[in-house]
Number of protein chains: 2
Amino acid sequence: MFSLIPSGSITDVPGFSSGAVRAGIKSTGELDLALLFSRVPCVAAGVFTRNRVKSASVILSREHLAIACAQAIVVISGCANACVGERGMVNAVEIVGLVAAKLRISPDDVLLASTGVIGSPLPMVCVRRGIEQIVLKENGGHDMARAMMTTDTVAKEVSLQVRIGDVDITVAGVAKGVGMIHPDMATMLCFVATDALVEADFLREALKRAVAISFNMISVDGDTSTNDCVFLLANGLAGGESINSRNGGVFQEALNEVCIHLAKSMVRDGEGATKLIEVVVERAKNQEEACCAARAVASSLLVKAAVHGSDPNWGRVVAALGRSGAQVKESKLGICLNDVCLMKEGNAIPFDAEKLKLSLKNSDCVVINAELGLGNSGAIAWGCDLSEEYATINSAYTT
Amino acid sequence: MFSLIPSGSITDVPGFSSGAVRAGIKSTGELDLALLFSRVPCVAAGVFTRNRVKSASVILSREHLAIACAQAIVVISGCANACVGERGMVNAVEIVGLVAAKLRISPDDVLLASTGVIGSPLPMVCVRRGIEQIVLKENGGHDMARAMMTTDTVAKEVSLQVRIGDVDITVAGVAKGVGMIHPDMATMLCFVATDALVEADFLREALKRAVAISFNMISVDGDTSTNDCVFLLANGLAGGESINSRNGGVFQEALNEVCIHLAKSMVRDGEGATKLIEVVVERAKNQEEACCAARAVASSLLVKAAVHGSDPNWGRVVAALGRSGAQVKESKLGICLNDVCLMKEGNAIPFDAEKLKLSLKNSDCVVINAELGLGNSGAIAWGCDLSEEYATINSAYTT
């Protein structure tokens with residue numbers, strides 16, 4: 001339905017430009033400060049971390065989004081601007097002001113996101129110089145994607161075109177985040193831009209729905225960092241009829257596609273991950289329970305470790321379902337692993353273990369199907385396998 | 001207050017005997033079937049897994065405990081007797097019947113616990129022969145502890161004596177379980193015996209309370225296996241005044257001591273663990289929030305990985321507290337790591353990072369203190385560090 005643009009970036013969207021610099025915030029000397037700008041004001045929406053401890057960047061951006069309008073996003077990588085006392089907000093306000101002055105827009109129309117180590121104040125000398133030096137380019141999207149990376153090993157970006165009514169619109173996104181086995185610290189940031197003409201109320205609802213089936217399905221609910229945020233900016237340059245809840249079906253699907261693509265690329269690049277795990281729960285009692293069940297399996301350490309070892313240990317899937325909070329009746333339960341049925345209506349089904357092990361070993365994406373047999377709701381969650389490397393990476397992060 | 005008995009075992013308790021055999025249930029040929037017997041009937045209580053999928057062993061034992069009376073426990077190691085359809089209950093009933101016949105007691109007075117791989121039926125030929133062969137010994141406790149082990153590297157047992165009123169009583173326990181990073185499959189079993197004379201209602205309440213501050217503080221709530229259970233048997237042979245809610249304070253403390261000792265020995269032997277983590281939360285708004293907060297930190301993968309790398313990355317502690325569900329105000333928050341204050345009232349405190357890293361490196365037990373500054377409730381949770389070995393062990397379990 002959608003045509004993905006090969007090696008697309010967020011600046012594929014008409015009217016958006018971007019730039020990035022090496023400001024010296026990351027000790028590695030890589031790109032670490034980026035700016036995204038729309039030449040006209042955008043209708044905007046955001047989804048933020050539910051962590052009770054929030055970065056000042058998150059608090060400020062949420063305030064700015066109260067009026068559902070934005071024109072620029074500034075991103076800092078290497079420092080979370082969290083848990084630094086009042087300095088956090090003082091610095092956030094200064095940064096937004098500097099960007100506004102550079103772009104000649106109101107500070108209220110600038111959003112700020114930051115990611116990196118908690119508890120260290122922003123190196124403001126570097127940040128100020130960086131903002132001054134950034135040059136916006138019409139093809140600057142790839143630089144922005146690179147600048148956002150922390151422990152990411154690949155940049156995460158996608159763009160697609162879709163025809164809505166009489167006009168072609170572009171929806172593109174850029175994201176970072178790899179600590180997705182439990183994303184409680186490895187901040188997830190995602191920015192989506194579009195030239196579609198979208199009404200503010202619908203934009204907010206559409207973003208919530210897209211996040212619910214993408215980023216929220218790669219993370220156990222509540223396992224949010226102090227800095228997580230997703231921003232969506234629509235500049236309306238494509239024109240045409242304005243999009244709202246009555247005619248927004250195709251736009252919603254395009255947005256879902258972009259968010260799911262980015263969410264999956266995060267887990268695929270999960271710290272130490274070698275395989276994607278897709279958990280498909282079917283026939284749950286209701287939607288909420290379907291989501292719970294799928295997430296519990298996708299985030300179970302023991303399931304992740306079994307997948308890493310290509311071990312068809314389906315008992316771990318059953319145990320995760322059983323503790324997920326969803327209603328589960330053993331006598332109704334069915335489990336498949338890479339299309340091989342292992343349990344049906346509560347009974348183990350004999351299977352060729354060696355053949356299945358080989359299939360798991362050769363899969364980039366292991367698919368786990370769980371049929372609960374109690375209703376008509378379904379959900380899909382994604383995770384990655386747990387390798388020795390996860391512990392190696394995470395035992396040496398700040399130091 | 002309590003005198004721990006050096007190299008104590010559960011058969012230190014007068015009136016209890018135990019035995020174990022190599023029945024051939026474990027493929028390794030180790031001890032795998034054990035029996036605990038009291039020569040007189042006991043007042044008994046149990047706490048069971050909250051997993052919706054339960055082993056038939058758990059279901060049957062819970063039924064037998066409805067009358068608060070038991071005289072024997074039979075334990076099978078190497079097979080969970082879970083997710084095997086109706087055969088699970090048929091086999092459980094046969095086992096309990098065989099043990100009852102051997103001991104000349106009622107089947108209702110026999111409890112059954114099992115641990116091991118899910119989805120495989122019990123090898124009943126081995127089990128029947130094993131039950132026949134078991135010889136009960138007055139010093140058989142250590143054998144029982146060894147027979148219960150699966151991936152445990154050390155046996156877990158403790159016994160203590162305490163004077164209550166005019167009589168000396170013994171409380172002793174034996175446990176297994178090492179997959180305690182998230183104990184969703186690595187079944188936790190624990191049996192506690194005492195010769196104290198205890199009233200049934202109080203025994204049940206005392207066990208609940210002891211489990212709440214011991215085994216439940218090493219596991220994230222709900223992360224239970226299909227087979228978890230804790231049994232407490234009191235045979236009353238010590239005599240004296242009967243113990244109830246009015247005079248049960250010392251007994252409760254002795255029981256807490258035994259359960260906490262066993263719980264800590266589980267996390268210390270956690271799969272791949274090299275360090276114990278003790279998380280002390282103080283000044284939380286209420287008891288429930290104190291527990292939530294302590295458990296969230298103790299079970300955070302990123303905290304565990306940081307401790308493994310001796311990395312004083314206290315931002316991860318803050319992020320775990322923030323998502324724990326407990327009320328957290330950044331401006332009130334204080335964090336210490338091995339007695340070094342890193343954050344006070346929301347502000348980072350400068351510290352000697354090299355010195356603290358060395359202290360973390362040299363600690364068998366890393367202590368994390370979190371002061372929430374919002375009330376007067378506290379809780380302690382225990383976890384272990386996350387090493388590369390965890391993934392190695394858990395990616396090759398069934399196969």
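**Helix α6 of chain B**

I began with what is buried in α6(B): F251(B), A254(B), L255(B), E257(B), V258(B), C259(B), L262(B), A263(B), M266(B), V267(B) and R268(B). I call a residue buried if 20 or more other C-beta atoms lie within 10 Å of its own, exposed if 12 or fewer, and partly exposed in between, with C-beta atoms placed from the backbone. Helices (H or I, at least four residues) and strands (E, at least two) are DSSP runs, numbered from the N terminus.

A note on the source: this is a predicted model, where local features need pLDDT of at least 70 and side-chain atom pairs count only at pLDDT 80 or more, while totals for chains, interfaces and linings use all residues. Residues are numbered from 1 along each chain as its sequence is written, and chains are lettered from A and ligands numbered from 1 in the order in which they are written.

I then checked the span of α6(B), residues 249-268: its 20 residues reach 28 Å from first C-alpha to last, close to the 28 Å expected at 1.5 Å a residue (the rule is 1.5 Å times one less than the number of residues). What covers its buried residues? I found, among others, β6, β7, β8, α5, β10 and β15 of chain B.

**Helix α9 of chain B**

I looked at α9(B), residues 315-323, next: 9 of its 9 residues are buried, so the helix is largely enclosed by the rest of the structure. Its buried residues pack against β5 of chain A, together with α7, α8, β11 and β14 of chain B (contact means C-beta atoms, placed from the backbone, within 7 Å). Just after α9(B), I noted a positive phi of about 105° at G325(B).

**The sheet in chain A**

I traced an open, mixed sheet of 6 strands in the order β13-β12-β11-β14-β10-β15; strands pair if DSSP finds at least two bridges between them. Its edge strands are β13 and β15, each pairing on one side only. β10(A) and β15(A) run antiparallel over 7 bridges, and V281(A) has A379(A) as its bridge partner in β15(A). Helix α7(A) packs on this sheet, touching β10, β14 and β15, and its direction makes about 20° with that of β15(A) (axes are lines fitted to C-alpha atoms, for helices over the stretch in contact, with angles from 0 to 180 degrees between N-to-C directions).

**Chain A overall**

Technical notes:
Contact = placed C-beta atoms within 7 Å.
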